[in-house]
Amino acid sequence: MVWWLVAATVIVVALAVYAALLVGRLLGQRKVIQHAVAKRNENLVNDIRYIAKAMQEDRCGLSEGVIRVSNLLLALQTPELIDWAQRFPSVFQLYNAVKELPTHEARNTLPLQQRMRQDLEREAEEKALEKLILQEAEALTQLSANAL
């Protein structure tokens, strides 16, 4: 009877030690993942700030800039869900206006008149939102990965 009690105690202790090891590994993995997410967010924020500055300095077209910035903002991993479209409404308004327009080879296959019509619509939308987008671009240059 004593042997059973000793054997059961050894098994329980061994399982407890194994469980503690697994919990330790899990906590270690969580730290690694959190560090990787923080590093990725930092890189994304740096890219967002760079593109926003390029839009301000007219080194990047507004349409191209808002497409890139919007996708980068949506790629950020934050503890709480952030409604980026609410924080930067003009950026996302132009993004929604141009995101479906064909690009590259698909654009080149369109008839010239259709391409010109799309360009005029895009340019009109850019012109209407330019001032607001540039103001939002200023706010984007101040974005911080630590504040997410």
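Let me start with α1 and α2, where α1 passes α2 in a left-handed crossing. Please keep in mind throughout that this is a predicted model. The axes of these two helices, α1 and α2, come within 10 Å and cross at roughly 165°, which means that α1 runs roughly antiparallel to α2. On the α1 side the contact is made by Arg 40, Leu 44, Asp 47, Ile 48, Ile 51 and Met 55, while α2 contributes Leu 62, Gly 65, Val 66, Arg 68, Val 69, Leu 72, Leu 73 and Ala 75. Sorted by class, that contact has 10 nonpolar, one polar and three charged residues.

Moving on to α6, we find that α1, which spans residues 2-56, comes within 8 Å of α6, axis to axis, with a crossing angle of roughly 145°, and that this crossing, too, is left-handed. Here α1 uses Ile 48, Arg 49, Ala 52, Lys 53, Met 55 and Gln 56, and these residues meet Ile 133, Leu 134, Ala 137, Glu 138, Leu 140 and Thr 141 of α6. The classes in this contact are seven nonpolar, two polar and three charged residues.

Finally, the largest pocket has a volume of about 310 Å³. Of its 14 lining residues, the closest to the centre are Ser 63, Glu 64, Ile 67, Thr 103 and Arg 122, and the elements giving two or more residues to the lining are α2 (62-75), α5 (104-108) and α6 (112-141). That lining comprises four nonpolar, four polar and six charged residues.

Notes. Residues numbered from 1 in each chain as written. Predicted model: local features only at pLDDT ≥ 70, side-chain atom pairs only at ≥ 80, totals over all residues. Heavy atoms only, no water. 1 Å grid on protein atoms, 1.4 Å probe; cavity = no way out; pocket = protein on both sides within 12 Å on 5 of 7 lines; lining within 4 Å. Points joined across faces, edges and corners; volume = space filled by probe spheres on them. Helix = DSSP H or I, 4+ residues; strand = E, 2+ residues; numbered from the N terminus. Nonpolar A, V, L, I, M, F, W, Y, C, P; charged D, E, K, R; others polar. Axes fitted to C-alpha atoms, helices over the stretch in contact; angles between N-to-C directions. Left-handed = near helix turned anticlockwise from the far one by under 90°. Contact = heavy atoms within 4.5 Å. Parallel < 35°, antiparallel > 145°, perpendicular 65-115°, else oblique.
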